[in-house]
Every structure is written in structure tokens, then in C-alpha cells.
Amino acid sequence: MTQPIVGVLALQGDVREHQRMLADAGAPSTPVRTPDGLAAVDALVLPGGESTTIWRLARTFGLLEPLRRRVAEGMPAYGSCAGMIMLADRIEGGVAGQETVGGMDITVRRNAFGRQVDSFEADLDFPALGPDPLHAVFIRAPWVEKIGDGVEVLARVPSTGNIVAVRQGRLLATSFHPELTADARVHALFLDIVKEA
Ligand SMILES: NC(=O)CC[C@H](N)C(=O)O
């Protein structure tokens, strides 16, 4: 089989960092900005950034409905931070009218960790990545407040128990930014999901 084409949604956010991590994990990738661009990829990374901006631009570029359709049809997708918010079926703390792509049966709280810890780092137990802890960088991060039946919890913040990494079928999401570290294991996990699909 030919190598699947992985796209990175490139409306706003840390697109280049995700492309570098995907390359480190063995996959070249392509930025996606248009419905035609989306139609040309087999899988999609939704980067961290600002979910309100990504949502507005996705609407402006006519990408919101095509994104919903592709995810509903089973396209593998991975969202980090704002990307997690975009993949959530429900959000708390969004701006008025804020919409998502959805697909994951989760409720996500935006900016959940509050002002004192706008940004923090933690070592997470993440069994799906093996025994070594994952060093995670949180920047005005959301957490997962509620999960539906089909959702698997992959990691929690050790001190608080808040859910910060989840998987539902071919959809993967993290509250934190592995693309800002040197550890490509989350991206490698996503590429395994892409290959299985
Ligand atoms: N680092 C991030 O992606 C932050 C997410 C941002 N707080 C939002 O609501 O979109």
C-alpha cells in the first residue's frame, strides 16, 4: 500500500511543530487550508493554538462542514490542545456560538486549569506509550470533563486526576502539546492508528 498522506490543519496554531514531529515519527505531512486540500489527505492533525480563531477561520474557508463529514466518515484525526477542543462534541467555557468539528463523545472545558497555572509541565503516566513517563507541556489547556461510553482515557494529571489524553476509535486528543517537546511517541501512536485505518 502507498504511504498514507497526513495533513496538518494550517489555519492557525503550531503547524510547523506538528510537521516536524510527524517527520521525526517517520511521516511527511502537508498543510491543509482548503476543502480541496482536506480531500487530498488520509488523516489530519489539528494543532494547538486558539480554538475560537481556528473555528472562525474554518467557517470562513468553508472547512467546517467538510471537516465534520471526513471525521464522521472515519478519517483518523489527532488534536492537541485547541485541536482537542475542535474534536470535542461539547465544550464548556467557549465564546458565544463557538462551534467545533466534533466526533469525540467528550465534554471539554476550555482554559480549565485557571489563571495561576495558565502554563505548567507535568510527567504523565501514559501506558499506551510504554512504561516511561511522558513529559507534557500545558498552555492555557483544556481538560476533559466528561466522556461517553466509547472513549478511552489514556492519561491524567497525576496531582489532580484530570483527564488530559483520550482516544475514541480513530480519534486521538491531548490537552497538552507533545509537538513542543522532543518526544515523538504521541505522534507515533497516531501514525499507528493511521496505518491500521
Ligand atoms: N495552547 C492551546 O492550544 C490553548 C487553547 C486555547 N486556550 C483555546 O481555547 O483554544
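**View 1. Residue classes in the shell around the ligand.** The shell comprises 4 nonpolar, 4 polar and 3 charged residues; Ala, Val, Leu, Ile, Met, Phe, Trp, Tyr, Cys and Pro count as nonpolar, Asp, Glu, Lys and Arg as charged, and the others, Gly among them, as polar. The model is predicted: local features need pLDDT of at least 70, side-chain atom pairs count only at pLDDT 80 or more, and totals for chains, interfaces and linings use all residues. Residues are numbered from 1 along each chain as its sequence is written. Around the ligand lie Gly 48, Gly 49, Glu 50, Ser 51, Cys 81, Ala 82, Ile 85, Arg 110, Asn 111, Ile 139 and Arg 140, each with its C-beta atom, placed from the backbone, within 6 Å of the ligand.

**View 2. Positions annotated as "active site".** An unreviewed UniProt entry gives this feature at Cys 81, His 177 and Glu 179; such annotations may be inferred rather than shown by experiment, and feature names are shortened. The three positions span 99 residues in sequence, but no two of their C-alpha atoms are more than 10.8 Å apart, so they gather at one spot. Cys 81 sits in the loop between strand E4 (77-80) and helix H5 (82-87); helices (H or I, at least four residues) and strands (E, at least two) are DSSP runs, numbered from the N terminus. Cys 81 has 30 other C-beta atoms within 10 Å and is buried (buried: 20 or more such atoms; exposed: 12 or fewer; partly exposed: in between; C-beta atoms placed from the backbone). His 177, in the loop between strand E12 (171-174) and helix H6 (185-196), is also buried, with 24 C-beta neighbours inside 10 Å. Beyond four places in sequence, the contacts of His 177 include Cys 81, Gly 48 and Ile 139 (contact: C-beta atoms, placed from the backbone, within 7 Å).

**View 3. Positions annotated as "binding site".** The unreviewed UniProt entry lists Gly 49, Glu 50, Ser 51, Arg 110, Ile 139 and Arg 140. These span 92 residues in sequence, yet no two of their C-alpha atoms are more than 12.8 Å apart, so they gather at one spot. Gly 49 lies in the loop between E3 and helix H3 (51-60) and is buried, with 22 C-beta neighbours inside 10 Å. Glu 50 belongs to the loop between E3 and H3, but is partly exposed, with 15 other C-beta atoms within 10 Å. Not counting residues up to four places away in sequence, Glu 50 touches Gln 12 and Ala 82.

Technical notes:
Two residues are in contact if their C-beta atoms, placed from the backbone, lie within 7 Å.
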